[in-house]
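Open the model in your viewer and keep the selection tool at hand. This tour goes stop by stop.

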Amino acid sequence: MFDLDRWQEIWVTITRNKTRSFLTGFGVFWGILMLVILLGSGNGINYGRTQHVDGFATNSAFFFANRTGEAYKGYKKDVGGPCVTVTWLPSGPV
């Protein structure tokens, strides 16, 4: 595995093709650098997003009324649904 002849052959190839060796090394360096930058910025964006919404409406529910895409239970297609009354429960102990 660590044969001296093999290492000599590698060294001769590197010294003989200096431009190719430099470009290969630079390409590996550039790829690792871009990987580190992209992973770091992705983690930073994820952390910032979670910090931005942390504690926002932890006990809330949001409802969005849209038009129907299909006829359903007597309602025609592309019509809004019935008005829904929301009853809020008291926040005291149950």
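How many helices and strands does the secondary structure of the chain come to? Two helices and zero strands. Keep in mind that this is a predicted model.

**Stop 1: the whole chain.** Select everything and show the surface. The chain has 94 residues, and buried residues make up 0% of them. Its accessible surface comes to about 9600 Å². Carbon and sulfur atoms account for 64% of that area.

**Stop 2: the two helices.** Select residues 4–16 for helix H1 and residues 18–52 for helix H2. Look at how they pack: the angle is about 100 degrees, and the axes are 5 Å apart. Angles of 65 to 115 degrees count as roughly perpendicular, so H1 and H2 are roughly perpendicular to each other.

On H1, pick Thr13, Ile14, Thr15 and Arg16. On H2, pick Lys18, Arg20 and Ser21. Colour this set by residue class: one is nonpolar, three are polar and three are charged.

**Stop 3: the aromatic rings.** Hide the contact residues and turn to the rings. How many aromatic pairs does a search of the whole structure find? Three.

Start with Phe22 and Phe26. This pair is stacked, with 6.2 Å centre to centre and 20 degrees between the planes. Why are the two separated by about one helical turn? Because Phe22 and Phe26 are four residues apart in helix H2.

Check the accessibility of each. Is Phe22 buried or exposed? Phe22 has 57% relative accessibility, so it counts as exposed, the cut-off being over 50%. Phe26 has a relative accessible area of 41% and is partly exposed.

Phe29 counts as partly exposed, at 47% relative accessibility.

**Last stop: the cluster.** Which residues do ring pairs link into a cluster? Select Phe22, Phe26, Phe29 and Trp30 together.

How values were computed: Residues are numbered from 1 along each chain as its sequence is written. This is a predicted model: local features need pLDDT of at least 70, side-chain atom pairs count only at pLDDT 80 or more; totals for chains, interfaces and linings use all residues. Side-chain values use heavy atoms; hydrogens and water are left out. Axes are lines fitted to C-alpha atoms, for helices over the stretch in contact, and angles run from 0 to 180 degrees between N-to-C directions. Angles under 35 degrees count as roughly parallel, over 145 as roughly antiparallel, 65 to 115 as roughly perpendicular and the rest as oblique. Contact means heavy atoms within 4.5 Å. Ala, Val, Leu, Ile, Met, Phe, Trp, Tyr, Cys and Pro count as nonpolar, Asp, Glu, Lys and Arg as charged, and the others, Gly among them, as polar. Buried means under 20% relative accessible area, exposed over 50%, partly exposed in between (1.4 Å probe, protein chains only). Accessible areas come from the Shrake-Rupley method with a 1.4 Å probe; for residues, only the protein chains shown count as cover. Rings of Phe, Tyr and Trp (its six-membered ring) pair if their centres lie within 6.5 Å; planes under 30 degrees apart count as stacked, over 60 as edge-to-face and the rest as tilted.
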